[in-house]
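Hello,

Here is the structure I promised to pass on. Have a look at it first, and my notes follow below.

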Amino acid sequence: MVAQLLPVWSTCILFWTIYSQMTTFSIQQAEQMDRGVGGFVVPAGSLSAFLFLSILLFTSLNERLLVPLAGRLTRRPQGLTSLQRVAAGLALATLAMAVSALVEKMRRDASSGGGGGTVSAFWLVLQFFLVGAGEAFAYVGQLEFFIREAPERMKSMSTGLFLATLAMGFFLSSLLVLVVDAATRGAWIRGHLDDGRLDLFYWMLALLGVANFVVFLVFASRHQYKHTGPNASAAAVTVELREADRRPEAVTVKGIDV
């Protein structure tokens, strides 16, 4: 049962590779952009607050708006399945990398054109916003998937399996930087971003995200959710009891007189 989770597990790693860019290269971008607000210069690292604000915002929207809406459309109480949540997170993260590449290209062109890096750092809010929204979907979806689909006596291991995707994602990010740096002989990634092509690195992550998303869809379409057995029966009993409250006569639920 655990082995059956590994294909989906492997496709979740890239999300956290993309997420790691928000705390590394995106901050480096901010350092070389206009961060002035009136007479105050916003610290580059503080822009990551938009990432966490978007996570909080979309987590609330998911529970209060998106889940009820999806429930009406799919006629399922939970609205979206765990794998559908993960798919939404992967799609948003991939879109974030495309936006990141466009923003970096705009920043680099302005800087190399003699503008002195006058592009506002708040353009980065777009990529923070998309990745944060993606995490609100992917984090919940992954955790729910691994806990529900793991064997009953291996719930702790399933949580560890989920957390391992975070670690592997950050390790993969470091590995990609090393590989790209070696393959391009330092042409893409430089200490000063104007001398490199960080936008091409972002486009590479976007293409990897598309490929990873396709593979995820293949694995997800083949996955058979574990039958919950007693839980499913309990849900049916709950529905019947709610209906019984509206009727004066007794009813029978799963062979039990109520």
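**What I found**

As a predicted model, it needs a pLDDT of at least 70 for local features and 80 or more for side-chain atom pairs, while totals for chains, interfaces and linings use all residues. Numbering runs from 1 along each chain as its sequence is written, and side-chain values use heavy atoms, with hydrogens and water left out.

The protein chain averages a pLDDT of 83, and 84% of the residues score at least 70. Residues 229–241 fall below 50, with five contacts in the model beyond near neighbours in sequence.

Now to one residue worth a look. Ser-100 lies in helix H4, residues 82–115 (helices are DSSP runs of H or I, at least four residues, numbered from the N terminus). Ser-100 counts as buried because its relative accessibility is 0% (buried means under 20% relative accessible area, with a 1.4 Å probe and protein chains only). Leaving aside neighbours within four places in sequence, Ser-100 is in contact with Met-22, Gln-29, Gln-127 and Tyr-202.

Which elements give two or more residues to the lining of the largest cavity? That lining includes Leu-14, Leu-90 and Gly-209 (lining residues have an atom within 4 Å of a cavity point, on a 1 Å grid over the protein atoms alone, where a 1.4 Å probe fits but cannot get out). The elements are helix H1 (2–21), H4 and helix H7 (198–222).

Best wishes

How values were computed. Buried < 20%, exposed > 50% of the residue type's maximum accessible area, 1.4 Å probe, protein only. Contact = heavy atoms within 4.5 Å. 1 Å grid on protein atoms, 1.4 Å probe; cavity = no way out; pocket = protein on both sides within 12 Å on 5 of 7 lines; lining within 4 Å. pLDDT = per-residue confidence, 0-100.
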